[in-house]
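Hi,

Here is the structure I promised to pass on.

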Amino acid sequence: MAATSEVLMAELSTIREPRYGVRVHKDECVLSFSSPETAGGLYVCMRSFLGLGVAHVECHHARTGQRAYLHILRTRKKEEDGGERDHQSMKKKSPPTRLAIGVEGGFDVEAEPQYEQRVTLVLFPDRQEVTSEELRAMPEEVREAVGRSWNAILSADSASHGLRVAQWDGEERRASRHATGLRQLDNGVKVGVAGPWRCEEEGCGLTQNLWMNLTDGKVLCGRSQYGVLEGNDHAVQHFHQTGFPLAVKLGTVTPEGADIHSYEEKDMVLDPRLREHLAHFGLDMDASEKTERTITDLELAVNQREWDSIQEAGSALRPLSGPGLTGMRNLGNSCYLNAVMQVLFTVPDFRSKYVTDAERFLDEAPLADPTQDFNMQTAKLGRGLLSGDFSRAAPPCGGPGDKNDASGEQVGIAPRMFKALVGRGHAEFSTNRQQDAQEFLMHVLDLAERHRGAGPDPAEAFRFLVEERIECGSSRRAKYARRADYSLQLPVPMDRATNLAELREAPEGSAVRARVPFSACMAALSEPETLADFWSSAARAKTTATKTTRFASFPDHLVIAVKKFTFSGADLTPRKLDVSIDVPDSLDLSALRGTGRRPGEELLPEEEEEEEVDEEVLSTLCELGFSREACRKAVRQTDGRGVDAAVNWLMDHSEDPDLSSPPPLALATPTGAGHWGEGGVSEERFVSQIMEMNFSREQAVRALRATGNADVERALDWILNQDPEDPFPSTTEPTAPPSQAPPPRDGPGRYELFAFISHMGSSTLCGHYVCHIKKDDSGWVIFNDQKVCASENPPKDLGYLYFYRRVTSDP
């Protein structure tokens with residue numbers, strides 16, 4: 001004991017008390033997914049407060065010289081030892097009533113188990129252990145200093161606590177900004193509690209889907225909802241005429257609340273003063289009963305069959321475990337991340353970079369804080385998924401009869417550090433909201449490219465070149481352009497569904513789903529596009545042109561994103577196409593390879609700089625941030641009608657891929673790449689606009705990349721929210737100077753399907769993602785967060801993102 005006291009006395013300068021705001025990693029190792037609950041527990045450095053698993057603490061001691069660590073070990077309680085039985089889990093599970101995970105009426109997540117915790121201080125390299133009782137017997141100076149650090153570490157919020165998000169809820173609503181000071185007219189209107197109600201618009205007479213405006217009490221029908229309820233948009237038209245913002249859906253009012261829509265905020269909202277606002281028009285909230293389905297009810301009714309199909313509900317799925325078969329915990333809204341990363345670590349480039357070579361990233365990880373190193377945290381995630389160490393069944397929570405191993409529920413891993421890191425500085429992925437899996441995939445590929453260092457870039461597995469050929473309708477001359485891309489956007493021509501007659505005859509609310517052939521989608525993708533008002537440098541006039549898009553190279557791995565999400569109505573309401581596509585297991589795209597300039601083909605002449613253009617108008621447009629070439633086109637296309645006409649033309653054509661001279665391939669990062677059939681975003685124009693505001697080009701480029709090249713406003717917010725002392729944090733700092741992109745990989749255009757990600761819900765901003773992956777030893781496997789099972793009927797026709805790999809052998 002005396003010897004231990006002397007060691008601690010000598011180490012007091014390395015034992016600190018964490019101050020407020022300092023991150024204490026006491027729930028998870030910063031280099032692996034070891035935790036206080038895993039074998040060996042967790043060691044917390046008492047100087048840096050980094051958590052380290054038993055496999056990494058010795059290395060940390062050797063590299064830093066640190067000797068004092070707080071050792072935390074948790075053992076799961078048995079029921080007879082006082083562990084709480086989760087009686088709820090033993091009950092028969094009811095169908096969900098909300099599009100949510102981890103909330104009352106939503107989809108289940110694992111209940112938190114009960115643990116016994118043992119904490120000791122351990123001194124390296126001899127692993128001398130000091131208990132709290134032994135510490136109290138030591139000299140006062142040691143006892144006070146070490147005790148303060150010990151207690152402060154245990155009482156501090158863990159770093160993972162700061163990363164935890166609120167439970168995701170697809171129907172989460174916020175209070176309307178109009179609710180508090182809402183104007184209500186004293187017009188004598190009184191609406192009865194039980195109706196009968198009828199749309200007041202002349203000639204309408206609908207008796208369902210009625211909304212009462214909370215300003216004037218007008219009762220009008222809403223828009224058609226999910227193909228289940230009829231509506232003529234009279235309530236929306238009333239808002240456009242009056243500006244009265246809030247309306248309540250009659251028939252959904254109960255003492256607990258009601259459906260309220262804000263037309264100005266374009267969302268479902270809450271009204272904290274709803275009882276008062278309803279009483280103004282004679283509607284007693286406490287005496288009201290629900291007589292009509294809420295928006296959530298309708299969404300559930302429409303989407304339930306999709307949830308059941310994609311999750312293979314009703315099938316007794318066989319649980320799987322082992323290397324490469326590890327589940328990932330849903331952090332509340334992280335299913336999009338889980339699905340994408342499961343697929344990426346099936347790709348050899350990602351496995352080789354981050355798993356095979358993981359030891360190098362461990363050695364190079366910054367000692368101060370490895371949680372901020374992209375390569376380190378990606379390697380940590382890859383090893384966690386592929387090792388199989390966390391691929392065992394989760395212990396039962398409920399007692400007898402509750403067997404998680406039969407459901408496929410695993411201990412799994414929780415990618416909190418990775419999620420926080422890749423989201424840092426990003427306007428969307430840093431939030432707690434659900435996100436689009438395709439956008440996240442592009443974001444991760446972008447980060448991988450910018451942090452490649454001296455090693456290979458795994459994003460190259462997906463990169464390909466697109467060839468665009470535009471032929472002038474007057475001169476029959478052509479011009480060619482090439483750009484890099486990382487995914488293929490597949491259009492869905494609903495008018496080519498094979499069951500159009502059935503769809504037309506189906507009654508309202510029926511479960512008829514459109515069936516569109518994959519061949520029709522590919523035909524829509526490859527067919528030529530007509531360009532109106534094309535400026536021909538050969539004819540020196542505006543004419544029509546034809547644009548054809550083809551592959552200039554074929555990637556090793558091809559991502560196909562089905563364009564299921566669209567917008568409808570005057571207010572561009574997001575809508576998801578309910579469609580089934582017979583996506584094939586094998587794909588031959590050889591016929592879509594571009595040929596380049598054809599023999600004997602004449603090219604359109606380059607634009608001449610000396611062409612007469614109003615220099616005053618041109619200068620004014622350039623000052624607005626547009627490139628000179630784009631401004632010249634705008635002046636020509638508008639026949640020199642002035643600045644206003646040219647600006648309007650530029651706004652309408654801002655996403656034309658040929659608006660400006662194409663940027664060098666080095667700028668064609670995954671996030672900024674355009675998508676086949678949609679055109680790319682002109683990053684250079686945004687860069688110029690930001691530089692006009694006295695920011696450097698480096699700041700502009702990094703901000704645009706971090707925010708997905710979406711717009712200048714988001715990029716400026718990103719710049720202004722950076723730490724002044726660290727304006728370029730590690731998540732966006734390239735680890736090597738930018739260089740010209742290497743030639744893309746190329747090969748045969750024959751592919752086989754190896755994975756797909758499916759989305760359930762009405763919007764990419766809510767719902768749930770699940771992925772299916774074809775494993776060599778296990779066949780098709782469904783990864784539904786922590787649940788990993790053999791797939792019996794993979795719903796290939798309902799996917800959102802499809803992943804193909806090249807087939808090199810002859811068919």
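Let's start with a polar contact: the backbone oxygen of Gly40 lies 2.8 Å from a polar atom of the His71 side chain. By polar contact I mean a pair of N or O atoms within 3.5 Å; within protein, one must be able to donate a hydrogen and the other to accept it, and residues adjacent in sequence count only if both atoms are side-chain atoms.

Before going on, some housekeeping: this is a predicted model, where local features need pLDDT of at least 70 and side-chain atom pairs count only at pLDDT 80 or more, while totals for chains, interfaces and linings use all residues. Residues are numbered from 1 along each chain as its sequence is written, and side-chain values use heavy atoms, with hydrogens and water left out.

Back to His71, which sits in strand E3 (residues 68-76); helices (H or I, at least four residues) and strands (E, at least two) are DSSP runs, numbered from the N terminus. His71 is buried at a relative accessible area of 9% (buried is under 20%, exposed over 50%, partly exposed in between, with a 1.4 Å probe and protein chains only). Setting aside neighbours within four places in sequence, the contacts of His71 (heavy atoms within 4.5 Å) include Gly40, Tyr43, Arg118 and Val122.

Now the rings. Phe, Tyr and Trp (its six-membered ring) pair if their centres lie within 6.5 Å; planes under 30 degrees apart count as stacked, over 60 as edge-to-face and the rest as tilted. That rule gives 14 aromatic pairs. One of them is Tyr69 with Phe124: centres 5.2 Å apart and planes at 75°, so edge-to-face. Tyr69 is in strand E3 and Phe124 in the loop between E4 (115-123) and E5 (128-130), 55 residues apart. Tyr69 has a relative accessible area of 0%, and Phe124 is also listed at 0%. Phe756 and Trp780 have centres 5.6 Å apart and planes at 55°, so that pair is tilted. Phe756 lies in strand E25 (residues 750-760) and Trp780 in strand E27 (residues 779-784), so the pair ties together parts 24 residues apart in sequence.

As for E27, 5 of its 6 residues are buried, so the strand is largely enclosed by the rest of the structure. E27 pairs antiparallel with E26 (residues 768-775) over 5 bridges, where pairing takes at least two DSSP bridges between the strands. A hairpin with 3 residues joins E26 to E27. E27 also runs antiparallel to E28 (residues 787-790), with 4 bridges. In the hairpin of E27 and E28, Asp785 takes a positive phi near 55°.

Cheers
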